[in-house]
Amino acid sequence: MSMNKKNVNSYIAIGIILLIIPLILGLLANVLSTYDPYETDPLIRLKSPNSEHIMGTDDLGRDVFTRTLYGIRISLYIGFMVTFFSLIIGVVVGTVSAFYPWTSRILMRLVDGIMAFPTIILAISLAGILGSGTKNIIIALSISYFPMIARITKNATLEVLGMEYIESAIALGKNDLYIIFNYILPNIASRVMVQVTFTFAMAILNESILSFLGVGIKVPTPSLGGMVNDGRNYISTAPWIITFPGLIISWIVLSLNMIGDGMRDALDPRCKNRG
Amino acid sequence: MCKLLNIENLTIVANEKNRKVKITDNVSLSLNSGESMGIIGESGCGKSITALSILGLNNPNINIIDGNIFFENICLNKLSSGNLRKICGSKIGMIFQEPMTALNPVFTIEQQLSEPLKIHLKLSKSAIKSKCIELLESAGIKNASAMLKYYPHQLSGGMRQRVVIAMAIACKPKLLIADEPTTALDVTIQAQILHIIKKLIKENNMALLIISHDIGVISKLSQEVSVMYSGEIIEQDSKTNIIENPMHPYSEKLINSAKELNNGCNHLSVVNGSVPRPEENIMGCKFAARCEFCRNICKEKKPSLIKKNNGNGYVRCWKYINDQNLY
Amino acid sequence: MLKFVFRRIINSIPIIILVMILSFLIIHIMPGDPVRTMLGDKASEEQIINMRKQLNLDKPLMKQFTIWIKDIIRFDFGESISWKEPTLIIIKERIEPTFLLAIIGTLLSTLIGIPLGILSAKQHGKLTEKCLSVLSLVSISLPAFWIAIIMIQLFGVNIRIFPVSGFHSIKSVGLLASLYELSLPGIILGIMHSGQIGRMTKTSMLEVMQQDYLRTARAKGVKEFYVLNLHGLKNALSSIVVVIGFSFASLLGGAIVIEQIFNIPGVGNLAINSILSRDYPLIQGILLFIALIFILINMLTDIICALINPKVRYEHE
């Protein structure tokens, strides 16, 4: 078990360390690079990485490093917003339908219905129908991801509701909101957080897919997925355009998945006491 | 004559959190063919681990660090796992404590029961089926042929234990190991299961090693009894001697409390305290802390297992060591 | 067993109705007038009125809904505007490559995922397991489109061992040639989906390996190989099948990105094209179709689980 604990913690630790790097890059985009991500310059088209442009330039002569930094920033922003909205909606829907079973008939049915669609197809269709743009991607992805959180919240809440200390709190006449905030939420928080971490990872991955397919962030706004799409045609002559954004997406998603995995293993009682 | 089973100075250690915890210490047992031996002791005294180590069935973090287990002069603990498996089920059968979890939930009774027949006896398909029915019937199952198609979850605990017994004796092993075979069952079923085990070892002339915390179970099935306490054998003798004249203070307490329970006494003699944890490092006798005859020597030095004056038994207690130098 | 199947079918009726409602509503949540967006700024008033009539958008919402449901029951999933053909016929033409790709991908990911999952359960705590667990994490973290583009460059352009674009039906070029065209995308999907299957295999095998019945099997003299791969795996299989089914269903729904990059005329490709060309009735029809496939595969998965693990079917009866 001690072995296991160590592993689990190292997963979370490595994940967090890995995540800090793109976080800094994204937040300090305007400090770290003096170039304008939109400024085109036909004279320096498709330049390979050099001292002035450390990740080279793209087909319009824009600095790939700068665009990658702003791409990270918008990816993290969208990922964060999607996670935030999914969390809020999911937890409200989940706790309410666990607490008041009659609402579950409507709310959880809606959740089941949304989950009957593959998330990526749903997200693409919603983004396509709503139209591209940051706000619409956030709406589309939040609609796609809140059901999973709602389902997990509901199951976890039902489990907690069965515990004796809750029954005694109900018997004491505490009101529902008091019980939700003081008993339910603290007890389900860790389980929900695991899913939240995975949601963050998937939101970033799927935002890049939307942008790659052209239903996500509008050009010429820099986005990691969009940059990969731009660089497709120049892969043999200018592989740097596609390499760096792709690596960064993998990097961010991997570090989030590592944190999620580590948290899940730390929580899962089955993983402990293993010989 | 060579012994069927001979366990010599078996010391087993569990690797936990970067340290080693001794589970059994210098345990020796031997059993002739056709004989029966019971190991009795409180839970956690290492009796089950000893039994499981015979077939190498302990978890990988539990290892034999000293001593040997001989079965028909073959050293089992030195065999490769492949060769050991050839003995498992064919020459040594085993019955487990928990019939609810001992059977595989996704295979039918027939599939599970026919496995040892297929592996060791290499019978034909039709022979296997009739043999399965025969085995189930000998384990006291009435509608055996219907039972073959059932899955474990469709059977009661008692029925499952009968299936486990039928599986253990499928290849007519020379030695049957029963690890708490009735602990998880209802009292009414317990007697039936014991009766079946007794009948089967007699019919097939099997030796029996039975592990239990219940002296009643042990006394019904075995001729010889070993009393284990905290990983050590503290007394070993024939059943009658142990029951009628237990010498070790712990055996005495154990037997008396069982007798009193049976007689419905109002005053139950209680063994105060509990078994020391395996990780506690005790210099002297392991029972000293709970013993009413405890003297200084008991806390300082470990008594060795000595032969009893009367008869063939052994006991591990300072009370019976008459070495004047020690006092 | 039949009872279980019947019950499972009945149970999925509400969700099917729900999916019909949701795919109906999706066109009504869009901001502005869908007809104007579809036809563009240059459309005349007359065109707009005609289109609205054609799509029944001039009728009240409830009326529209009943028409939608009635049509679906008659297997009419609407008509595409850009293709001027019924949705189901368009999908039918596109299903072959998607189906083949889904089979290749699922088969490969199962063949890679299950053995590696068992291996990492066996090697739990050792270096092999740690490497495999990092690898599986990487496989679920990589963006498919990026990997696919790099693979095309590597194996299609630099080394030239795989075809990198397009698909011809089995009828026109034969099964082997069709499969060959799908080999690189199939391998990519197989490897990417194997991570998920491997992780589930490892988790459930680790749980199963704790169980008493494996000890019983060993005590019977069953060889270690069969203890794990027969007694152990059959118990772990029902949760693995769920993941395999999920992966197959999502591939059938169209490996959108892969189909797009490899220029495979499949369902996923159709879906993205219908979205880009704002062909709303087609989007609606495809969404409904994919959701129904999803529900169907889910149902089949449950039935397979019940076949593997008798406990599942008795719990429901």
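This is a short talk on a sheet in chain B and on the two domains of chain C.

Okay, housekeeping. What we have is a predicted model, where local features need pLDDT of at least 70 and side-chain atom pairs count only at pLDDT 80 or more, while totals for chains, interfaces and linings use all residues. Residues are numbered from 1 along each chain as its sequence is written, and chains are lettered from A and ligands numbered from 1 in the order in which they are written.

Chain B, then. There's an open sheet of four strands there, ordered β2-β1-β4-β5, with antiparallel pairing. Strands here are DSSP E runs of at least two residues and helices are H or I runs of at least four, numbered from the N terminus; two strands pair if DSSP finds at least two bridges between them. So which strands sit at the edges? Those are β2 (19–31) and β5 (74–75) of chain B, each pairing on one side only. β5(B) is joined to β4 (residues 62–71) of chain B by two bridges, and B:Phe71 has B:Ile74 as its bridge partner in β5(B).

On to chain C. The domain assignment, automatic or from a database, gives domain 1 (2–73) and domain 2 (95–315). Their centres, over C-alpha atoms, are 32 Å apart.
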